Amino acid sequence: MRIAVIPGDGIGVEVTAEAVKIVRRIGDVYGRRFELAMMPWGAEHYLKTGETIPPDGYALLRDQFDAVFVGALGDSRVPDNRHARDILLGTRFELDLFVNQRPVRLLDNRLCPLKGRTVADVSFTVFRENTEGLYVGIGGRFKANTDDEVAVQEEINTYKGVNRIVRHAFQFARANGGQRVCMADKSNAMADGHALWQRVFKQVAAEFPDIAARHLYIDALALLMVQDPSQFQVIVTNNLFGDIITDLGAALQGGLGVAASGNLHPGRTSMFEPVHGSAPLLAGRNVANPIGAILSTAMMLEYLGLKTEAASIERAVEDAVRTGHVTTDIGGSLGTRETGDSIANAIRAG
Ligand code: NAD
Ligand code: IPM
Ligand code: MN
């Protein structure tokens, strides 16, 4: 299997090294051949060459690889974040990776910041629409940098786009023994764009009578995710709201260091990455938690049909968390590399 690897910037580079270590270990233990192609794309490459992603970059990823792995992108030397928009958002858009799947699963009771909550209470999946909304880059600035500046950023919601992500959420719930899907929007304030979400949600829900469909406004969802996360199984929402509530979801699991994600178009080359960013303050210090990246490789292998291999990564991560062989952000004393080593060593066939 051919995997394109984009370590990117800051701690992206460090956590990707551990993710790669895990994939190689899986290759050794299970006798699988992974061909990993390292892509140099990131802030450094952009500053040196003026290129964010080569002209044929998206086609290369789509046509030459089975999956893409990304560390993180973001660097203060690129204040407009242009390279990250081209590489990360560009790949989501150009490969039409309309599903951003972000599991929120507490691995150990000790990691939950909520009083008295256990692993049984925090176990749901967020589906974030990944190709539309406020992220499409339609807008502009008039009289920029003057006191008369007008800045417009349009939110795009299409019937096709909303329909396919809502449908995907229901299908996932049904396939995974779920009974409930919650859709969150802001249709009380955004009466046009989010009326479309309302209409589509009701329409799709009617096709899934076995699944309980619930609507919440996004602000109320944020409240309830903290007050009682146990009520959620599957949440579906738009691009921006999904971005925000998955950082909140990461907090429920123990922080950004452990949150994983997949950017998917079922049946096509898809992209996997931890939820966190390049964390410039942690970069280069061997302190970043590699678990979000490592669990993203498990999502990647599962997507590629390697279920047993994916489960063995998850087991090894759970062991590391339980025994405290982890980084300081979640109460351990190991570095990034040592955490990766310990998880890699714990991976066994079976
Ligand atoms: P961030 O995710 O980099 O960091 C937020 C907080 O979480 C910081 O306190 C950081 O120390 C902590 N953190 C993040 N990852 C961690 C890890 N693996 N282990 C331990 N602690 C971790 O978000 P930010 O500070 O808002 O953004 C920094 C840069 O990253 C910006 O340029 C931003 O645009 C970019 N970013 C990129 C991605 C991505 O590539 N997918 C995601 C988010 C932010
Ligand atoms: C994420 C990140 C990105 C997003 C940024 C870096 C553009 O926050 O993947 O969650 O907003 O999608
Ligand atoms: Mn984010």
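Me: Which polar backbone atom is 2.8 Å from an oxygen atom of ligand 1?
Reply: One belonging to A279, going by this predicted model.

Me: How much of ligand 1 does the protein cover?
Reply: On its own, ligand 1 has 800 Å² of accessible area, and the protein covers 63% of that.

Me: Back to the backbone, what about G277 and S278?
Reply: G277 has a backbone N or O atom 2.7 Å from an oxygen atom of the ligand. For S278, a polar backbone atom is 3.0 Å from a ligand 1 oxygen.

Me: How many residues surround ligand 1, and which are the closest?
Reply: There are 19 around it, and the closest are L73, G277, S278, A279 and N289.

Me: What classes are in that shell?
Reply: Ten of the residues are nonpolar, six are polar and three are charged.

Me: OK, switching to strands. Is β5 mostly covered or mostly open, and where is it?
Reply: Mostly covered: β5 spans residues 123-129, and six of its seven residues are buried.

Me: Which way does β4 run against β5, parallel or antiparallel?
Reply: Antiparallel, with seven bridges joining β5 to β4, which is residues 99-105. One of the pairs can be named: T125 in β5 is the bridge partner of P103.

Me: And β10, how many bridges does β5 make there?
Reply: Four, and those two strands run parallel, with β10 covering residues 234-237.

Me: Which residue in β10 is the bridge partner of F127?
Reply: That's V236.

Definitions and conventions. Residues are numbered from 1 along each chain as its sequence is written. Chains are lettered from A and ligands numbered from 1 in the order in which they are written. This is a predicted model: local features need pLDDT of at least 70, side-chain atom pairs count only at pLDDT 80 or more; totals for chains, interfaces and linings use all residues. Side-chain values use heavy atoms; hydrogens and water are left out. A residue is near a molecule or strand if one of its heavy atoms lies within 4 Å of it. A polar contact is a pair of N or O atoms within 3.5 Å; within protein, one must be able to donate a hydrogen and the other to accept it, and residues adjacent in sequence count only if both atoms are side-chain atoms. Accessible areas come from the Shrake-Rupley method with a 1.4 Å probe; for residues, only the protein chains shown count as cover. Ala, Val, Leu, Ile, Met, Phe, Trp, Tyr, Cys and Pro count as nonpolar, Asp, Glu, Lys and Arg as charged, and the others, Gly among them, as polar. Buried means under 20% relative accessible area, exposed over 50%, partly exposed in between (1.4 Å probe, protein chains only). Two strands pair if DSSP finds at least two bridges between them.
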